[in-house]
Amino acid sequence: MEISFYNLLKFFHIIFFTTWMAGLFYLPRLYVYHSKTQKRSSEYKTFIVMEQKLMRYIMNPSMILTWVFGLLLVVNLEIYNQFWLNLKFLLVFVMSIFHMYCAKIRKNFENERNRKNEKFFRWINEVPTILFLLIVYLVVFQPSI
């Protein structure tokens, strides 16, 4: 079995996109439960540690490596001006902004400044799912104008 450079890039892109998405699905769910705990309680502090580690060791590296391997795939394939790809990049950019918003929320919890309730976090928990579905649709069907 011969492994091409393209397949290697695609392999790593899929791996890191998957781990990034796992974090984006899980972190807002943690916020749902974290928002229901009492500040300064041991449970509150446990959530802070869980959220910190998830963001630092899984989500941040996964986001960066998703971008790196995605851009390398585009360069390798030399596909720069396709509608579906440009739209995908826009949605991944929006996903990255959502990631940074989650980091801001994490800092608010850490500094005991969260003002959002459980219902808010249940709603934002749907954002990565919607973006994920749209991105996968674009990759699979590659629509053009």
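Colleague: Which residues touch the most other members of the largest nonpolar core?

Modeller: This is a predicted model, where local features need pLDDT of at least 70, side-chain atom pairs count only at pLDDT 80 or more, and totals for chains, interfaces and linings use all residues. Residues are numbered from 1 along each chain as its sequence is written, and side-chain values use heavy atoms, with hydrogens and water left out. A nonpolar core joins buried (under 20% relative accessible area, 1.4 Å probe, protein chains only) Ala, Val, Leu, Ile, Met, Phe, Trp, Tyr and Cys residues through side-chain atoms within 4.5 Å. Among its 31 residues, those touching the most other members are Trp20, Leu24, Leu27, Tyr31, Met95 and Phe121.

Colleague: Which helix gives the largest share of this core?

Modeller: Helices are DSSP runs (H or I, at least four residues), numbered from the N terminus. α1, α2, α3, α4 and α5 each supply at least two core residues. The largest share, 9 residues, is from α3.

Colleague: How far apart are the closest N and O atoms of glutamate 112 and arginine 40?

Modeller: The two sit 72 residues apart, in the α3–α4 loop and the α1–α2 loop respectively. Arginine 40 is exposed (over 50%), at 61% relative accessible area. They form a salt bridge (Lys or Arg side-chain nitrogen within 4 Å of an Asp or Glu carboxyl oxygen). The closest N and O atoms of glutamate 112 and arginine 40 are apart by 3.3 Å.

Colleague: Which residue forms a salt bridge with arginine 106?

Modeller: Arginine 106 is buried, with 10% relative accessible area. The closest N and O atoms are 2.6 Å apart, and the partner is glutamate 110.
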